[in-house]
Amino acid sequence: YNQSWINYIDYIDKTRYQIFLDFTNDNQDKTNFKSQKLSKDKENLHFFSKFEKKDLKLNVQVLKQKNDAFINLSKDATPLDSSIENSIYDFNIEKMVLNDKVTLSFNHSIIDTILDFKDDNAIVSTENSLYKNTRENVSTLKAIYENRIKNHNIFAGFDYRRKDIDYKTIKYGNTNITQDFNLQNIYSLYFQDEYWLNNNSILTFGYKFTKSENNGGVDNEYGDTLRVGHIFTNDNFTFKTYYSDTDMLSEPYLITSTYGNSNIDKMSVKLLSHETIYEKGNSKTSLKLGVSKLIDAVAYAGVVVNTPTKMDFNYAVLSNEYHVLNFKNFFSMFYSYRDKIPTLGKFDYKGAQLRTTYINGLSTLFSEIVYRQNDETEKDFYDLSLGWKYKIKKDFIFSLKGENILNKSYSSKFDVLTSPGATTTNALYSQHTAQRFLIGVEYLFWKNLF
C-alpha cells in the first residue's frame, strides 16, 4: 500500500484557492478460496481544485479508479478475471443571491465505466463473459431558500437532475445487448420549518416530493418523505425525537438489468428515532434509539422481487467523549437486530469501539480497537489500530501506523455455490479493512497567508 498527496491552500485578496492531488495504490493480500486467489487491488488518482470568494464557490475534480472486482458475477466465486475502471469528471458552481437568502447551484458530472469480467462458468445462458462500457452525463440544478421569519426557520428548495446514459458496448460473450432505457429526469420539491416554541423547544416539520420520468419502458414514479420532530435543550441535556415516512424511488437497474423485474414496487421505510445528549465539562454522552420498518424491500430470488413481509430494523447506540489532561477518549457500543428477513429470520448485531488520542508537545499517539459480531457471519471480529506521529521540525512530520494489526477485522460473509447449478454453498469471508503497516512523511511548505 502506498499513498502520495499534495495539498496547496492560499488566500489572495480575500479569495481562497485550493489544489489537491492524491495517488493511492492498494495491493491487498489475495483471498484464497477453492484453490484460487481472489484480488481486491485498487488504484486511485484524485485531483480537486476549489475557488471561493464571498458568495461564489467553484469546484473542479477528476477521479480515476481501477479496481479488481473480486468475485463480481461468478456464481461459484471463482472468476478468471474481473476488473472495473471508472473515470469521473465533476464541475460545480454555487452562488448566493438576495442577501444570502437564496443559493443557486449547478453541477455536471461525466462518469465513464468499463466492466470486464471473464469466468469459466456461464453467467447468462451459455455466455461466460461480460464487457460493459458506458458513459453517464448527469446535470443537476438546485435553488435553495433559507430565512428566519419571526419564530420560524424556513428552508425550501427545488432540484432538477437529468441523467443521459450512453451504452457504448454491452456484450455477453459474443452477443451484443441493447438497452432502451437511457434517459432519466428527476424533479424534487422540499420544505422544512423549524418553529421555536421558546428558547429551549423546537418543533420541526419537513416534506419532500420527488418525481422520476424515465424512457425505455421504465415507468414514471413518485416518491415522498414526511418528517416531523421535536428538539428540547437546557444547560446540560438535549433531547431529539423524529419520525419519518419515506416512499423511495426504484432504481431503474432493478427493472432493466438481466435479473430485473418490471413489476417491482417501490420500497417504503418508516423510522422513529430518539437521541438523548448529556454534556458537562469535558464529557459528552449520547444515547441513540431507533425503530424502523421496511415494506416491499428488494431481494433476489432468481430475479429481483419484493419481500412479502415487513422487515424490522431496530438499533441502540451508547457513546461517550471525554477529554482529560492530554488525552482525548471516545467509547461507543451498539446493539441492533433485523427481524422477519425472508428465509433468514432474525439477526443480532453488536459491537463496541474504544479510541484514545494522547498529545504531548511534538508527539501524538493514537489507538483504536473495534469489536463487532453478528449472527449472520457467526464470528467475532477485532480491528486494532495503533499510530504515532512526531513533529521533527515545524514543517516536517514523521508517522507510523498499523491498521487491522490482528488481521481479524470485520468481514462480509458470502454464501456461494459449491459449483454452478448446485444447491449446497460454501462460506467466503472478505475483510473490509486490509492489514497494513504504514510509514508516512509530511513536509509543509509555509508562506505568509495574510
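Asparagine 404 counts as buried, because its relative accessibility is 0%, and the cut-off for buried is under 20%. Keep in mind that this is a predicted model. You'll find asparagine 404 in the loop between β25 (396-403) and β26 (411-417). Its backbone has a positive phi of about 50°, although asparagine 404 is not a glycine.

Now look at leucine 98. Here too phi is positive, at about 50°, and leucine 98 is not a glycine. This residue sits in the loop between β7 (81-97) and β8 (102-118). Is leucine 98 buried or exposed? It counts as exposed, because its relative accessibility is 61% and the exposed class begins over 50%.

**The chain as a whole**

Let's zoom out for a moment. The chain has one helix and 28 strands. Its C-alpha trace spans about 65 × 55 × 50 Å along the principal axes. Of the 450 residues in the chain, 31% are buried. If you take the contacts with a separation of 6 or more, 51% of them come from residues 24 or more positions apart.

**Rings that pair up**

How many aromatic pairs does a search of the whole structure find? The search turns up 14. One of them joins phenylalanine 327 and tyrosine 358: the ring centres are 4.7 Å apart and the planes meet at 40°, so this pair is tilted. Phenylalanine 327 belongs to strand β21 (residues 327-341) and tyrosine 358 to strand β22 (residues 345-360), so the pair links distant parts of the chain, 31 residues apart.

Another pair is made by tyrosine 371 and tyrosine 382, with centres 5.2 Å apart and planes at 40°, so it counts as tilted. Tyrosine 371 lies in strand β23 (residues 363-374) and tyrosine 382 in strand β24 (residues 379-393), so the pair ties together parts 11 residues apart in sequence.

| Residue | Relative accessibility | Class |
|---|---|---|
| Phenylalanine 327 | 34% | partly exposed |
| Tyrosine 358 | 24% | partly exposed |
| Tyrosine 371 | 25% | partly exposed |
| Tyrosine 382 | 35% | partly exposed |

Rings can also join into a group: ring pairs link Phe232, Phe237, Phe239 and Tyr278 into a cluster.

**Charges over rings**

The charged end of arginine 227 sits over the ring of tyrosine 242, 4.0 Å from the ring centre. In another case, lysine 40 has its charged end over the ring of phenylalanine 70, at 5.4 Å from the centre.

**A cavity and its lining**

Where is empty space left inside? Rolling a probe the size of a water molecule over the atoms shows this. The structure holds one cavity of 30 Å³ or more, and the largest cavity has about 40 Å³ of space. Among the residues lining it are Gln184, Ser212, Asn214, Val218, Asp219 and Ile255. Which classes make up the lining of the largest cavity? There are three nonpolar, four polar and two charged residues.

Pick out aspartate 219 from that lining. It is in the loop between β13 (201-214) and β14 (221-233). Aspartate 219 counts as exposed, because its relative accessibility is 56%. Isoleucine 255 also lines the cavity. Aspartate 219 and isoleucine 255 are 36 residues apart along the chain, and their C-alpha atoms are separated by 9.5 Å.

Conventions. Residues numbered from 1 in each chain as written. Predicted model: local features only at pLDDT ≥ 70, side-chain atom pairs only at ≥ 80, totals over all residues. Heavy atoms only, no water. Phe/Tyr/Trp six-rings, centres within 6.5 Å; stacked < 30°, edge-to-face > 60°. Helix = DSSP H or I, 4+ residues; strand = E, 2+ residues; numbered from the N terminus. Buried < 20%, exposed > 50% of the residue type's maximum accessible area, 1.4 Å probe, protein only. Lys NZ or Arg CZ within 6 Å of the ring centre and 35° of its normal. 1 Å grid on protein atoms, 1.4 Å probe; cavity = no way out; pocket = protein on both sides within 12 Å on 5 of 7 lines; lining within 4 Å. Points joined across faces, edges and corners; volume = space filled by probe spheres on them. Nonpolar A, V, L, I, M, F, W, Y, C, P; charged D, E, K, R; others polar. Contact = heavy atoms within 4.5 Å.
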